[in-house]
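Dear colleague,

Here is the structure for you to look over. My notes follow below it.

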Amino acid sequence: MPRRRTLSDEQLLAMVLALIHAEGPDAATFAAVAKASGLSGSTLVQRFATKAAMLRAALLYAWDRLDAQTAKLADTLPKTPDGAVALLVGLSQDYGDDAAAYGEGLLVLREDFRDPVLRARGAAWGTALTAAIARCFGSADAPETIARLMLAQWQGSLTWWGFGADGPVAAYVERELRRFLSAVKS
């Protein structure tokens, strides 16, 4: 009879993800996760088999959370250009206001690019996010094009914020997206 798990998969994956965000993906070793979780290294090997599988599971868990957050925001905000701005500002909240920490978070993105399963998950999220933003521009001539341009502006604004760290990230992103909307209206 198997032993009852002291930590659920979700609790454990949240711990792995916290370690990844705090110290980078390379720090998520079985030894480090064992220390953080109180589980033995052998228990972790039984659950995940390899470090790569543990990292993938934690990042898929993060994608699940981002998918849920995106869907919730998209469902609750108005389907207007202002709603599109609010959606992207809402998604920016988790980046924090520390540019150096944001830069460290880009190491997680590197892992998503390296792994074809994670890369596909990111592409699927991008498709869903594009559709949600396009719904905010439903009366425009090319809502999907506007959505894709707005998403590029959003990602670019995060990068430029990282270089300048001009105030809170959410305020910077909102200001830049409003500038984008003004240019689109012209």
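**Contacts of E176**

Leaving aside neighbours within four places in sequence, E176 is in contact with Q153 and S157, contact meaning heavy atoms within 4.5 Å. The model is predicted, and local features need pLDDT of at least 70, side-chain atom pairs count only at pLDDT 80 or more, and totals for chains, interfaces and linings use all residues. Residues are numbered from 1 along each chain as its sequence is written, and side-chain values use heavy atoms, with hydrogens and water left out.

E176 sits in helix α9 (residues 169–185); helices are DSSP runs of H or I with at least four residues, strands are E runs of at least two, and both are numbered from the N terminus. E176 counts as buried because its relative accessibility is 11% (buried is under 20% relative accessible area, with a 1.4 Å probe and protein chains only). Its side chain makes a polar contact with the side chain of R179, at 3.1 Å (a pair of N or O atoms within 3.5 Å, one able to donate a hydrogen and the other to accept it).

**Helices α4 and α6**

The axes of α4 (residues 51–76) and α6 (residues 99–114) come within 11 Å and cross at roughly 105° (axes are lines fitted to C-alpha atoms over the stretch in contact, with angles from 0 to 180 degrees between N-to-C directions). α4 is therefore roughly perpendicular to α6, a term for angles of 65 to 115 degrees. L55, L59 and W63 of α4 meet V108, E111 and D112 of α6.

**Residues 29–48**

An unreviewed UniProt entry places the feature "DNA-binding region" at residues 29–48; such annotations may be inferred rather than shown by experiment. The span is 80% helix and 0% strand, and its end C-alpha atoms lie 12 Å apart.

Regards

Methods. Angles under 35 degrees count as roughly parallel, over 145 as roughly antiparallel, 65 to 115 as roughly perpendicular and the rest as oblique. Buried means under 20% relative accessible area, exposed over 50%, partly exposed in between (1.4 Å probe, protein chains only).
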